[in-house]
Amino acid sequence: MRFPADVPVLSDGAVTLRAAVAEDAEGVYQQCIDPGMQQFTTVPVPYTRQDAADFVARRAEKWGDDSDWGFAIEAEGGVGPTRFGGSISIRPGAPGIGEIAFGAHPGVRGKGVMTRAVALICDWAFEEKGLRRIEWQCNAGNLASWRVVWRNGFTFEGSARSLLPQRGELLDGWRGALLATDSREPKTRWLAPVRLTGERVALREVVADDEQRYLESSNDPTSLRWLGTIPGLPRDEAAFATRFRDRGLAASLGQHVGWTVADRYDDRYLGSIDMFGFSSIDHASAEVGYRMHPDARGKGLLAEGLRLVVRHAFASDREGGLGLQRLSLGAGDGNVASQAVARAVGFVETGRDRRCYLLDDGSVVDLVRFDLLR
Ligand SMILES: CC(C)(COP(=O)(O)OP(=O)(O)OC[C@H]1O[C@@H](n2cnc3c(N)ncnc32)[C@H](O)[C@@H]1OP(=O)(O)O)[C@@H](O)C(=O)NCCC(=O)NCCS
């Protein structure tokens, strides 16, 4: 093939994909010294101007031997005379399958440029290259990358441990794919822990600084007694780091949304409220769970936070809420404080699941069930 003449130009009017040219190298350099690029891709660190020139030069070779269909992205906010806004490519693999990769220049991020670029290259690869499946993978925790392909209709296909080589390490990864026959609409409801503010507490997303008090609250004897056998509740720094890294994933899949209950005035971690078990039967119910730091118990702070969550859950989509009709919760038989909070907020005891709740000391108790209708 002749480069660049035979590389197609793909455009939707606002974003254009075209062959990379030598004048893009300065933009490539600026993009690749960005910390986000270094964290989430395999670019060399440190990155030099020579690396950028080599990258641009290799684009032609790869088109030549059909090993990587790489485009430069041109968009408003792009740098230099070539308006370079990033790179995107599809690498063909087994027949009918390709893998997408992309990176945006910091100057164009957050403006929908990459979302459009992914749409353009996928349309082209399905229509002109006959692909039937386009795969995507990213380092676990790269929510911006997931969001771009989620918007384009990709289905999340799982997390995998030690999947991606990066500078001598193997990092956990997230994977997804788009089939030629898929709609280009998001396949899940992306839930967000929107900030909810009360008189004494504010509910917000978990942050790295929550670690110490979060772990104190999951390791205190009362929490251990009632929550000690619940799988996945972080009890050490490594588990907290993984939970923190993955905090947005379950929410993006419409499975879980979690808040830190923080002190409204000094933002100190006071506890956690989680919503999960979104029903696939009525699409309008979910379960809640909670726990408080020992020094924040007995002051009505959890009840205040839970009321905010209930109001948010039952508010309509239009009002910025979740549009649910029913919330449920379970508390171990004997967990008087937890049941008192449920009742204070208006939850009604509906029955019990007999002998299903394993406690930390090996005993098994009933789970007392509550629910609250809109
Ligand atoms: C991933 C990347 C290409 C996205 O580029 P972009 O130009 O910002 O993409 P877009 O503006 O089209 O869309 C980004 C979306 O992610 C959202 N987003 C950004 N950071 C986010 C985060 N930390 N958590 C959740 N969403 C996030 C944006 O709000 C936007 O959502 P919207 O569609 O609702 O507006 C860019 O961040 C980048 O180059 N990162 C470094 C390289 C990289 O990670 N490449 C992918 C490797 S797999």
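Residue numbers start at 1 in each chain and follow the sequence as written. In this predicted model, local features need pLDDT of at least 70 and side-chain atom pairs count only at pLDDT 80 or more, whereas totals for chains, interfaces and linings use all residues.

The domain assignment gives domain 1 (10-179) and domain 2 (196-373); such bounds come from an automatic or database assignment. The domain centres, taken over C-alpha atoms, are 38 Å apart. Six residues of domain 1 and five residues of domain 2 make the contact. Contact here requires C-beta atoms, placed from the backbone, within 7 Å. On the domain 1 side, helix 5 (residues 143-151) provides the largest share, three residues. Helices (H or I, at least four residues) and strands (E, at least two) are DSSP runs, numbered from the N terminus. That side of domain 1 has five nonpolar residues, one polar and no charged. Nonpolar covers Ala, Val, Leu, Ile, Met, Phe, Trp, Tyr, Cys and Pro; charged covers Asp, Glu, Lys and Arg; the others, Gly among them, are polar.

Around the ligand lie 24 residues, of which Phe40, Met114, Thr115, Cys138 and Ala144 come nearest. A residue counts as near if its C-beta atom, placed from the backbone, lies within 6 Å. Helix 5 gives the most to this shell, six residues. Helix 2 (35-40), strand 5 (97-104) and helix 4 (113-128) are among the elements giving two or more. The shell holds 11 nonpolar, nine polar and four charged residues.

Eight strands build an open, mixed sheet in the order 1-2-3-4-5-6-8-7. Strands pair if DSSP finds at least two bridges between them. Strand 1 (10-11) and strand 7 (155-166) each have a single partner strand, so one side of each lacks a neighbour in the sheet. Strand 2 (residues 16-18) and strand 3 (residues 69-79) pair antiparallel over three bridges. There, arginine 18 has alanine 72 of strand 3 as its bridge partner. Helix 1 (residues 25-32) packs on the sheet, at about 85° to strand 3. Helix 4 also packs on the sheet, at about 155° to strand 5. These angles, from 0 to 180 degrees, lie between N-to-C directions of axes fitted to C-alpha atoms, for helices over the stretch in contact.

Strand 4 and strand 5 run antiparallel, joined by seven bridges. Their hairpin has four residues between the strands, and glycine 96 takes a positive phi near 85°. Strand 5 pairs with strand 6 in the parallel sense over three bridges.

Definitions and conventions. Two residues are in contact if their C-beta atoms, placed from the backbone, lie within 7 Å.
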